[in-house]
Amino acid sequence: MKMMWFHLMPYTELPEDFKEKHPSVWIDIDPKLFDPHRGHHMYNDFIDELEYAAECGFDAVCVNEHHANGYGLMPSPNLIASTLARSTQDAALCILGNSVALYNPPTRVAEEMAMIDVISGGRMIAGFPVGSPQDTCFAYGQNPSMLRQRYFEAIDFIRRAWTEDKVFSFDGRFTKQRYVNCWPRPVQEPHPPIWIPGGGSVETWRYCAEMDYVYCFLSYFGYKIAREQMHGYWAEMDRLGKDRNPFRAGFLQFIGVGETKKEAMELYREPAEYFYDRCLHVDPRWVVPPGYMTEATIRARVESQVQLAAKASAGGGPSINQNAKDFEGIVENGYVLVGSPDEVADKLREIAIDLGVGHFMLLLQFGNMSKDLTRYNTRLFAEKVMPQLRDLFEDEWEDHWWVKPLAKNERAPREAAA
Amino acid sequence: MTGMPRESHLMVGGQNIRVWRQGQGERIGFLAGIGGLPRWTPFLERLAESREVVAPSLPGFPGAAGHDELDSIFDWLLATRDILTAAELEGADLMAVSVAGALAADVAGVWPDSVHRLILLAPFGLFDTAEPATDIWALRPGHLPDYMCRDRETYKAYIEQPDEADPIEWKVELMRALEASARYLFPTGNTGLERRLQRITCPVLLLRGELDKVMPRSYLERFAAGVSGPATIVDIPEAGHLAELDQPQVVAGLVQEFLE
């Protein structure tokens, strides 16, 4: 089982009356709310936290990309990953990712990721999300109707840029480049592992299966909501004749560990409510522009809504509240898994087996969680939870989708600055 | 809502294009606005009392596929021009509403002989950062009808699922129509048309509902100032963005008066 420490880098000082006075945490969040002096401390604290997680023995540290977003201060995850490439030794660097449809030509993404892979000695995982509609269509003005066509083409471009052994021409529908030559070349052969974060469309599952990429179900709403998605994913893998290797899949979960459940409930209430109430305050006008969702997904959603309505009218509807804001609801619905180390380990084992996921992306910092509490949560998890899960799946399955770093004796020595 | 038009289908650029026709007399083409033409309307019926109204569907709008093959405004112009030609509208009068206005105006500018007289109702195609048009792709769920007509129920009735339609496919078709317009207009609605407005030499009637919450009046004034031919702006009282749905008789009367 791979356990990966994920940071969203939320702005931790949104005002208490944020929801009342501001329409949205995303896209049109008031620029005046960002205090660069406080931001200086936040970024440095966050990088410290990522480095601490790597020191504690997490298999990977994860960064991601958001734009014009009050709960995600990483417009460029590559910048953070590049500092971690220097300051960490063994942890994989999982960049989830670069929203490649935003960058034309995608050459820059291929180059920057190759740089990080080389600097880190082959420790980079390349995540390529299509990107949320908020980030891609509204914050970056990309056309929702062409986004996926651009996205698939850009991944193809980058993969070729990393693997072709000659300078080549790329004559795509959107990207046309007469001379493609990615210097530097990534360390990992044939290329760094490619992971695809997705929200649960059948097309994405099929794409991952066809290309042999890892599928990551990234949601802020926990393991209960994920069941239907991941069971659907595995049913599709069965249909396509793929094995049920859990390392094909990744899954994100918020975690709060205490010495006891009671302590955990006390410690994580404020940061969880800060995240689910304040950070997820997104104006519904920024939800889904026409064209972002594929027609197949629209059909599937309309059908499932019809089925849900039928179930509900028959008294058998789902009981999971997808909009809980108070801590009791947040825990009850599984958005945040809270408990003692043994309770968290038992539950995570159950979730890993039920969902069939071999890569856990764990949010142990969320909302306005302080640096001290983040370290406490991270250390407790690393010392008391991780050992209980470490062996899961590892004997039975091989993780073909993990990083292949240089041997330690091949890596550049670290010298303190003079 | 009204009597049914005659329906035919054309193959244009490998795509099946629905064409609705009604009436007799001098021909006028009609290109529908946001959401396309999911049903025939009282406005078109009234217009068809004195003209042959020919309403082809543009790619991705109800009755036609193929929007996802079109990547640039050049692709869209060629497709629009080919569809108008195939529907025997070469040289005819042409009316276009809202999102279709951007394409019709460009066709009239790029191929001046192809359009006799042009009627544009609240046309897209321009953008002014000082007075931005409403972002129709960033409306809260369920709010589109409030922006389309004076009375939201009018637009809801316009897009209501007919009894014979498949409910899932109907939803997909309406969403596809919104996507199609986004494909050539997202994110601002600016197609670069302003540089080409001076190529429009035919007489132009510019219409706008006084209660239009989408398109500021100044956009029509820029259209009028930019074209080379004679241009008239007429405001329609008690009408929203799709003014022909709110005031079918008034708008039909204005169009007929302009064409006489």
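Mentor: Chain A has 13 helices and 11 strands, where helices (H or I, at least four residues) and strands (E, at least two) are DSSP runs numbered from the N terminus. This is a predicted model: local features need pLDDT of at least 70, side-chain atom pairs count only at pLDDT 80 or more, and totals for chains, interfaces and linings use all residues. Residues are numbered from 1 along each chain as its sequence is written, while chains are lettered from A and ligands numbered from 1 in the order in which they are written.

Trainee: How do you know whether the radius of gyration of chain A agrees with that of a compact globule?

Mentor: The radius is taken over C-alpha atoms, and the globule rule is 2.2 Å times the number of residues to the power 0.38. For 418 residues the rule gives a value near 22 Å, and chain A has 21 Å, so the two agree. The C-alpha atoms fill a box of roughly 60 × 55 × 50 Å along the principal axes.

Trainee: What is Glu295(A) in contact with, beyond its neighbours within four places in sequence?

Mentor: Contact requires C-beta atoms, placed from the backbone, within 7 Å. On that basis Glu295(A) is in contact with Val172(B) and Arg176(B).

Trainee: What makes a set of residues a nonpolar core?

Mentor: Its members are buried Ala, Val, Leu, Ile, Met, Phe, Trp, Tyr and Cys residues joined through C-beta atoms within 7 Å. The largest such core has 121 residues, and Met4(A), Val61(A), Leu93(A) and Phe251(A) have the most contacts inside it. Helix 6 (residues 147–163) of chain A gives the most to this core, with eight residues.

Trainee: Why are helix 2 and helix 13 of chain A described as roughly parallel?

Mentor: Axes are lines fitted to C-alpha atoms, for helices over the stretch in contact, and angles run from 0 to 180 degrees between N-to-C directions. Angles under 35 degrees count as roughly parallel, over 145 as roughly antiparallel, 65 to 115 as roughly perpendicular and the rest as oblique. Helix 2 (residues 36–56) and helix 13 (residues 371–389) of chain A pack at about 15°, with axes 10 Å apart; they are therefore roughly parallel.

Methods
A residue is buried if 20 or more other C-beta atoms lie within 10 Å of its own, exposed if 12 or fewer, and partly exposed in between; C-beta atoms are placed from the backbone. Two residues are in contact if their C-beta atoms, placed from the backbone, lie within 7 Å.
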